[in-house]
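The exercises below are to be worked with the sequence and the coordinates at hand, and each is followed by a stepwise solution.

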Amino acid sequence: MDDTSLKEDIGTEEFWVNMGPQHPSTHGVLRLELKLSGETVVDGIVHIGYLHRSMEKIAENRTYTQFIPFTDRLDYLASMNNNLAYVLAVEKLMGIEVSDRAKYIRVIMAELGRIASHLFGITTFVQDLGAFATPLFYGMREREKIVELFDDVCGQRLTYNYMRVGGVSRDLPNGADGKIKGIIKYLRPKFDDLEALFNSNPIFTARTRGVGVLTASKAVNYGVTGPNLRASGVKWDLRKDEPYLCYDKFTFDIPVGNNGDAWDRYKVRMDEMRQSLRIAEQAVLGLPEGDPTVKAGRIFRPEPGETYMRSENPRGELGFYIVSDGSPIPFRMKIRSPSFSNIAVLPDLIRGLKIADAVCVLGSLDVVMGEIDR
Amino acid sequence: MAVIERIPASGLIEKFPGGNLALTTSESVLKWSKASSLWPLTFGLACCAIEMIGTGASRFDIDRFGAGVFRASPRQCDVMIVAGTICVKMGDCMKRLYAQMPEPKYVIAMGNCAVSGGIFCRDTYSVVKGTEALGIPVDVLIPGCPPRPENLLFGIMKLQEKIRKEKRVKR
Amino acid sequence: MIIPVLTLIIMLIVGAVVLGFIAVSAMFLIWWERKVSAHIQTRYGPMRVGWHGALQSVADVIKLLLKENITPSGVDRLSWWLAPFFAVVPVVMVFVCIPFGNIFGIELIARDLNIGILYIMALTSICVLGIFMAGWGSNNKYSLLGGMRSAAQIVSYEIPLVLAMVTAVMFAGSLSMQKIVEAQKGLWFVFQPNMAIAFAIFIIAGTAEVNRTPFDIPEAESELVAGFHTEYSGMKFAMFFLGEYTNMFVISALAATLFLGGWSGPFLPPVIWFLIKTYGLVTFMMWIRWTLPRVRVDQLMGFAWKVLTPVSFANLIVAGWILMK
Amino acid sequence: MIKYFTCIISGIWNLAKGLFVTLKNVFVKPVTLQYPTQKLEMTQRYRGLVDLYPEKCIKCGQCVKICPTACLDLSVKAGEGADKKKEFGHFKYNMELCCFCGLCEQVCPTQAIYMNKIYEIAVYEHGKLHIDLLDKDKYDEWANPDVK
Amino acid sequence: MSNGEAFGLIKLKIPDTSLEEKTRAIVVPREGILEAARCLTGQGFDSLHNLTAVDNKDNVTLVYHFYSMKKRAGIVLKTQLLPDDLTVESVERFWRSADWLEREVYDLFGVKFLNHPNLKRILNPEEWTIHPLRKT
């Protein structure tokens with residue numbers, strides 16, 4: 001055997017590995033194609049669309065009220081916030097003013113939804129790092145409290161359909177504010193427990209610090225929003241910078257990271273949950289009297305025109321661009337979903353990392369497929 | 001798919017006195033084992049997947065039924081819980097996953113999307129109208145959008161009931 | 001004539017007892033792990049199959065034996081078929097010289113080899129072959145990655161493991177397992193400072209040896225789906241499962257024998273002491289598994305070579321110095 | 001060298017803190033709801049299956065109009081009585097399509113259509129999910145399922 | 001910076017620019033999109049927040065939403081394409097977020113973006129030939 005053929009026989013080569021759509025750590029049906037050289041990721045391609053449910057087409061065939069249940073199923077971990085973002089957009093289009101009590105209830109619900117979503121996001125992230133099931137189940141256990149409250153308030157566990165254009169579907173049930181206060185009191189020490197599990201854990205820190213660094217300029221250029229953007233050091237939060245509802249009445253901080261690595265993304269979420277508790281607490285204490293409900297059967301006929309409204313969701317800025325032609329159904333609706341932009345940055349982040357880190361970065365971006373594919 | 005086929009020389013044993021009883025007992029043991037150890041595939045498609053995880057989590061604990069071993073590889077699963085909307089792009093993957101599962105295999109369609117397309121049935125261009133539209137046979141249908149975790153547990157009990165009542169098929 | 005036949009019969013009985021013990025112990029451990037993990041996660045775990053799910057593992061095993069045995073096209077047949085046996089058989093062979101104590105004066109050890117430790121070390125390192133064959137034979141990229149990882153991991157963790165064992169051997173002055181236990185009659189080795197370090201190293205390296213979190217990178221569920229046994233189904237998969245849990249038992253039994261005084265202990269019969277110590281260590285490993293995240297592959301190697309190996313070497317030198325004094 | 005050892009020791013200490021959290025949880029009473037033996041009371045507003053009080057219904061069709069998935073099918077015919085009061089032709093409910101959003105319940109002027117508290121439904125075939133709302137004992141099978 | 005100021009700046013470069021009465025959106029002709037993009041990046045609009053299209057049957061309007069994190073301002077830019085010639089220059093070189101957003105618009109509307117590095121379908125299967133959100 002001569003030299004060249006021997007070399008061909010034992011030569012190394014890069015190979016493609018297909019991850020997903022069914023894979024335990026792709027958060028649903030994302031598909032990643034990774035070009036690996038040994039354990040190192042040389043290149044990655046993200047394929048989406050495995051959950052493309054044609055929401056935008058459906059929106060063109062439903063009245064404004066009928067589309068609210070569909071927003072539940074966009075980002076199914078934060079249905080309440082999606083409801084809110086949508087009705088805010090329609091209210092902006094119609095020029096409707098909302099009663100004070102409705103605003104406060106919306107704020108409470110949105111912030112509790114944010115906590116539920118972040119709990120799930122953080123704990124699945126740790127699950128991706130290999131801490132099998134326990135953190136996830138702790139997160140789910142805490143989340144269950146919030147879900148049960150939502151069940152009490154609007155009658156479903158996941159798809160709430162609670163917000164209405166002009167208000168909310170029902171007032172809080174009797175004793176709900178006491179329950180909310182109880183949840184806030186219950187959650188505070190639980191966050192400490194979660195932090196004790198992760199924060200100083202040397203394995204966790206070694207796995208996350210300096211992994212998948214997203215610089216601020218790159219984040220802005222890619223249109224990354226939400227906690228991922230703030231982790232990169234950009235202090236940008238719509239609740240402060242373009243206050244909607246009554247967020248300007250509450251005092252809260254915006255946690256910001258320094259390096260934009262996976263650790264910062266985790267930490268920002270963790271801190272944000274505490275801030276959300278603060279907001280919810282203030283809102284419950286200051287809950288005004290009044291009637292927040294509206295009639296469900298009203299048919300909205302906005303003036304011909306268009307509007308773009310974005311609001312701060314747990315995963316970033318969810319925007320609804322609605323074009324109306326004067327009929328009760330939207331002429332065109334574009335859903336600008338935060339995860340769509342957040343996941344686009346993934347191939348850039350995982351280049352040169354180990355395959356385990358690729359999973360870590362994906363988990364730290366905390367994406368939801370329902371929202372990416374719509 | 002019948003269990004009895006997997007017992008060697010079942011035809012012969014039957015002819016002996018008491019053989020039939022032995023066969024029936026062993027068959028019921030086998031069915032019991034199949035029903036009490038349903039390992040699901042880690043396969044979340046959409047919203048219902050969150051409720052599926054919720055069922056697995058501490059509050060409802062699917063593991064009490066012996067169905068808590070979520071395996072990521074289809075080769076080691078018994079039941080595929082189709083939790084969520086099936087889209088056209090996903091259809092081929094679903095069929096492949098189902099083919100990769102070893103016999104005996106069962107399918108639970110969780111949520112209206114997996115039952116019939118549900119809320120996304122009308123006016124869409126990219127949603128498959130239910131698991132059966134893909135040619136995958138469904139054993140238990142669980143309506144709901146999403147079903148409560150209790151409902152999924154109820155569905156699993158229904159599946160266990162179905163397994164226990166499986167007919168004995170002779171070769 | 002009569003003596004060889006008698007020996008054969010005794011051998012068969014002992015073999016059957018050991019195999020039966022292994023099967024029951026593995027099934028118990030699987031059930032126990034599910035219970036431990038459940039209670040860590042504040043839930044109940046298996047409840048409905050037998051009393052508190054006691055028959056859960058039995059059902060699992062029967063079901064796995066009944067499942068269709070898929071051989072994907074494109075596998076390397078020989079290594080595909082042999083791999084599960086390579087994963088199980090060496091572990092079972094280790095049981096030859098694990099001292100379970102004595103009952104009515106009969107020593108419960110199949111054969112007290114005078115090179116017992118050497119024999120065990122030789123056998124435990126064969127396990128990696130099974131995993132690697134499974135990874136290579138499956139013709140699946142995830143499996144291959146898992147197999148590669150396990151080869152690297154087990155080879156590097158073998159060194160601190162062996163060095164920790166050698167420390168115990170030096171103190172006992174013998175390679176025979178029974179002698180090591182007897183040397184601990186007065187004081188368990190673990191109560192001496194540098195043996196305590198050796199014990200910690202042994203547990204860490206042992207956890208890595210049996211591929212459990214935080215060192216479970218060969219089967220890393222969130223990265224490699226199921227690692228080296230991604231393609232295995234039915235009975236072969238059950239054999240890997242059996243191998244993993246038996247391996248866990250073996251490592252804990254070794255740790256108990258080498259550092260915790262084996263079967264020796266006051267009041268209770270020796271067998272009970274041995275099982276308490278072993279299952280206690282297994283439970284500790286489970287506790288770790290259900291708490292910690294997984295380390296990355298390069299951190300894993302770095303930890304083995306930069307921390308464990310130097311520390312265990314230093315420990316060995318100190319132990320030698322103490323003995324020389 | 002000192003840094004090396006402090007690093008190791010602090011690492012072990014921090015791992016122990018995490019282990020302590022999980023150990024603490026072992027001694028907490030499990031939060032599990034043992035489903036078939038224990039059952040939750042559904043909340044006041046729980047949205048189960050669509051149900052109907054036929055005598056209250058004024059056949060206005062608002063529920064059919066607002067349903068986002070068109071799972072309700074109502075046909076009305078003129079009555080034979082002297083006052084020509086509207087009567088039901090049929091009122092079908094397709095549970096397969098329903099998204100349990102509760103809009104029909106909220107839009108109903110007489111609270112005739114409502115959502116009951118049944119939540120345990122699992123069937124073997126599709127036919128059972130097509131329901132005639134005018135049938136009185138349509139949900140009997142699921143109202144109190146026989147599970148243990 | 002308001003829409004009006006940005007409009008003034010772009011108007012200097014591209015004379016055909018107009019300002020939509022109701023929505024205060026800047027409408028640039030198709031050929032001027034690159035020039036407008038360059039002008040906007042110069043003005044500190046560092047984020048292309050959203051890009052979408054609206055099929056008005058007689059034309060397809062592309063809608064760009066730009067935001068500036070530093071100036072805390074946003075503007076809307078529009079450009080109209082005729083249905084028989086759905087091509088426009090890609091702005092991917094200025095904002096990386098345009099990569100996927102343009103692919104999505106291509107997928108759903110069939111608008112071809114020139115000089116886009118990887119113009120493939122993103123949501124729908126690649127072998128499809130229809131563009132589902134077109135109204136004709």
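**Exercise 1.** What pLDDT does chain E average, and what share of the residues scores at least 70?

*Solution.* This is a predicted model, in which local features need pLDDT of at least 70 and side-chain atom pairs count only at pLDDT 80 or more, while totals for chains, interfaces and linings use all residues. Residues are numbered from 1 along each chain as its sequence is written, and chains are lettered from A and ligands numbered from 1 in the order in which they are written. With pLDDT being the predictor's confidence in each residue, from 0 to 100, chain E averages 83, and 97% of the residues score at least 70. Among the elements of chain E, the lowest mean, 73, belongs to helix α1 (residues 3–13), and the highest, 88, to helix α3 (residues 98–109); helices here are DSSP runs of H or I with at least four residues, and strands are runs of E with at least two, numbered from the N terminus.

**Exercise 2.** Determine how strand β4 (residues 60–68) of chain E is placed.

*Solution.* Start with pairing, which requires that DSSP finds at least two bridges between two strands. β4(E) pairs with strand β3 (residues 47–55) of chain E in the antiparallel sense over eight bridges, N50(E) having H65(E) as its bridge partner. Next, nine bridges join β4(E) to strand β5 (residues 73–81) of chain E, also antiparallel, and there L62(E) is partnered by T79(E). Then inspect the turn of the β4(E)–β5(E) hairpin, which has four residues between the strands and in which R72(E) has a positive phi of about 55 degrees. Finally, count burial (20 or more other C-beta atoms within 10 Å of the residue's own, with C-beta atoms placed from the backbone): seven of the nine residues of β4(E) are buried, so the strand is largely enclosed by the rest of the structure.

Technical notes. A residue is buried if 20 or more other C-beta atoms lie within 10 Å of its own, exposed if 12 or fewer, and partly exposed in between; C-beta atoms are placed from the backbone.
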